[in-house]
Amino acid sequence: MRDKILQDIKDALQEGDRDGVAEKTRFALNSGVEIKAILDNSLIAGMEIIGGKFKRNEIFIPEVLISAKAMHAGMAILEPYFTKHGIKPIGKVAIGTVKGDLHDIGKNIVSMMLKGACFDIEDFGIDVPPEKFVDAVKTKGAEILVLSALLTTSMNSMRDTIAALKYAGVRDKVKVMVGGAPVTQGFADSIEADGYAKDAATAVDKAKELLSKAI
Ligand code: B12
């Protein structure tokens with residue numbers, strides 16, 4: 001029964017059935033299925049399948065966006081339960097797609113996964129200038145900055161953001177994690193980022209690892 005409920009959500013997500021995902025997620029919660037299982041085995045697992053199909057050109061942008069919206073619908077049902085169940089945030093994260101870049105599908109997935117892993121997330125959206133990240137550290141106490149870029153040109157904004165943190169004298173107060181399709185470990189090292197991960201699942205592990213290292 002539990003497996004069938006989880007599979008139904010996953011199927012609805014892949015079909016891009018926003019209402020179906022919301023309704024089935026509600027049903028799963030009411031049936032006592034754990035939040036983490038819904039998140040991991042239905043929403044994230046479903047989105048990973050969509051990501052794989054997209055990579056293999058089996059589906060295209062509209063389908064990805066429709067499924068991402070369906071995932072949002074499921075997350076919206078789960079979110080209040082994170083706090084209700086006393087799940088305390090494990091760290092404060094500011095996330096955004098860097099300046100000059102309007103891609104946000106991957107960033108949103110990373111954001112959702114971090115939220116699912118109980119990080120306190122402030123999402124600045126797209127085209128985020130370095131100053132905004134600096135401000136997140138200075139006035140909002142962000143412990144990790146998560147920077148996403150999908151364009152080779154906007155990768156330079158990651159470098160600029162780290163330079164701005166140094167200039168503002170707060171580089172040692174925050175960990176910086178970078179990612180997005182064109183970003184590599186080599187690039188992350190070259191701009192002196194603290195962490196890089198190739199996908200959203202690994203991003204969560206990396207964020208936890210960065211937090212465990214003293215800032
Ligand atoms: C969808 C899309 C768009 C949509 C964006 C919609 C949106 N709301 O995001 C639209 C149509 C608006 C668009 C516009 C453009 N796009 Co576009 N776009 C894509 C496309 C097809 C998919 C990107 C995507 O969402 N992938 C799916 C997500 C899930 O993957 P992802 O973002 O990589 O994220 C995963 C990981 O990278 C990682 N991750 C992501 N961020 C982070 C951050 C951290 C810290 C970590 C750890 C991990 C991590 O986790 C995610 C999940 O596992 C790609 C091609 C492709 N096949 O990738 C081109 C692509 C990225 N676009 C491209 C281009 C050129 C453009 C435009 C310049 C086109 C134009 N001439 O106008 C504009 C740019 C506008 C701008 N200033 O940003 C090029 C970039 C080339 C380059 N190397 O620079 C690509 C590669 C297409 C191509 N082959 O030419 N695009």
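Here, a residue counts as near a molecule if one of its heavy atoms lies within 4 Å of it. Keep that in mind as you look over this predicted model, where 27 residues sit around the ligand.

**Who surrounds the ligand**
- Of the 27 residues around the ligand, the ones that come nearest are Leu102, His103, Asp104, Ser148 and Thr152.
- Sort the shell by class and you get 16 nonpolar, 7 polar and 4 charged residues.

- Leucine 102 has a backbone N or O atom 2.6 Å from an oxygen atom of the ligand.
- Glycine 100 also uses a backbone N or O atom, which lies 3.1 Å from a nitrogen atom of the ligand.
- With serine 148, it's a polar side-chain atom that lies 2.7 Å from a nitrogen atom of the ligand.
- Helix H5 (105–116), strand E3 (144–148), strand E4 (175–179) and helix H9 (200–212) are the elements that give two or more residues to this shell.
- H5 provides the largest share of the shell, with 4 residues.

**The largest pocket**
- Its lining has 35 residues, and Lys55, Gly106, Ile109, Lys198 and Asp199 lie nearest the centre.
- Helix H3 (35–55) gives the largest share of that lining, 8 residues.
- By class, the lining splits into 22 nonpolar, 7 polar and 6 charged residues.
- Where does this pocket lie? Both domain 1 (2–84) and domain 2 (92–212) give residues to the lining, so the pocket lies between them.

Methods
Residues are numbered from 1 along each chain as its sequence is written. This is a predicted model: local features need pLDDT of at least 70, side-chain atom pairs count only at pLDDT 80 or more; totals for chains, interfaces and linings use all residues. Side-chain values use heavy atoms; hydrogens and water are left out. A polar contact is a pair of N or O atoms within 3.5 Å; within protein, one must be able to donate a hydrogen and the other to accept it, and residues adjacent in sequence count only if both atoms are side-chain atoms. Ala, Val, Leu, Ile, Met, Phe, Trp, Tyr, Cys and Pro count as nonpolar, Asp, Glu, Lys and Arg as charged, and the others, Gly among them, as polar. On a 1 Å grid over the protein atoms alone, a cavity is a set of points where a 1.4 Å probe fits but cannot get out, and a pocket is an open set with protein on both sides within 12 Å along at least five of seven lines; lining residues have an atom within 4 Å of a point. Domain bounds come from an automatic or database domain assignment.
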